[in-house]
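Take a moment with the model below. We will walk through it one part at a time.

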Amino acid sequence: LQEEVENLLIQLKNKDALLQTMHLSEYALQKQVHQLRSATFQIAKGMTAMEVELHSSKDLTAALAEETERLTLAYVPVMRSLSEECERLKAELREAKGLS
């Protein structure tokens, strides 16, 4: 009986550790979502600036090309990195849930 109680305590500690890992993963995912929302806001802000410049510029095509290139260089790598990190954390969370 004592051995069974010890085994149950070990299982309980393992499940507690997994639960803590899941909570940390959830927090990390929430943080990533916040960062993605912030990046999206910055992109929208940049798009607004681009539209203002587009309407006030004489050479609209050149202004659009310049702003598009600037936004692409600035935000695509950030969004890709955040998306990859978010996917990695989701995989870790699924793995942690599968072990519990």
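At which residue does helix 2 bend, and by about how many degrees? The bend is at Tyr 75, and its angle is about 30 degrees. A proline, Pro 77, follows within four residues. Keep in mind that this is a predicted model.

Now take helix 2 as a whole. It runs over residues 60-99 and has 40 residues. From its first C-alpha to its last it reaches 56 Å. That is close to the 58 Å expected at 1.5 Å a residue.

Part of helix 2 is hidden from the surface. Its buried residues are Ala 63, Glu 67, Leu 71, Tyr 75, Leu 82, Cys 86, Leu 89, Leu 93 and Ala 96. Tyr 75, the site of the bend, is one of these buried residues. Glu 67 is another name to remember from that list.

Next come the charged side chains. Side chains of opposite charge can pair when their charged atoms come close. A search of the whole structure finds four salt bridges. Among them is the pair of Arg 70 and Glu 67, with 2.4 Å from N to O. Both residues lie in helix 2, three residues apart, about one turn of the helix. An α-helix has 3.6 residues a turn, so residues three or four places apart point the same way. How covered are the two partners? Glu 67 has a relative accessibility of 6%, so it counts as buried. The cut-off for that word is under 20%. Arg 70 has a relative accessible area of 41%, so it is partly exposed.

Start with Glu 85 and Arg 88. Their closest N and O atoms are 2.4 Å apart. The two residues sit three places apart in helix 2, about one turn. Then turn to Glu 92 and Arg 88. Their side chains meet at 2.2 Å, N to O. These two are separated by about one helical turn, because they are four residues apart in helix 2.

Arg 88 is partly exposed, with a relative accessible area of 39%. Glu 92 also counts as partly exposed, at 34%.

Glu 92 leads us to helix 1. Ser 25 lies in that helix, which covers residues 2-56. Leaving aside neighbours within four places in sequence, Ser 25 is in contact with Glu 92 and Leu 93. Leu 93 belongs to the buried residues of helix 2. Is Ser 25 buried or exposed? With a relative accessible area of 5%, Ser 25 is buried.

Gln 35 is also in helix 1. Its relative accessible area is 28%, so Gln 35 is partly exposed. Gln 35 and Met 79 are 44 residues apart along the chain. Their C-alpha atoms are separated by 9.3 Å.

Finish at the start of the chain. Leu 1 sits in the segment before helix 1. It is exposed, with a relative accessible area of 83%. Leu 1, Val 5, Leu 9 and Leu 12 form a nonpolar patch on the surface. Together these four residues have about 440 Å² of accessible area.

Conventions. Residues are numbered from 1 along each chain as its sequence is written. This is a predicted model: local features need pLDDT of at least 70, side-chain atom pairs count only at pLDDT 80 or more; totals for chains, interfaces and linings use all residues. Side-chain values use heavy atoms; hydrogens and water are left out. Buried means under 20% relative accessible area, exposed over 50%, partly exposed in between (1.4 Å probe, protein chains only). Contact means heavy atoms within 4.5 Å. The expected span of a helix is 1.5 Å times one less than its number of residues. The bend at a residue is the angle between axes fitted to the seven residues ending there and the seven starting there. Patches are made of residues with over 30% relative accessible area and no salt bridge: like charges are joined within 9 Å, nonpolar side chains (Val, Leu, Ile, Met, Phe, Trp, Tyr) within 5 Å. Accessible areas come from the Shrake-Rupley method with a 1.4 Å probe; for residues, only the protein chains shown count as cover.
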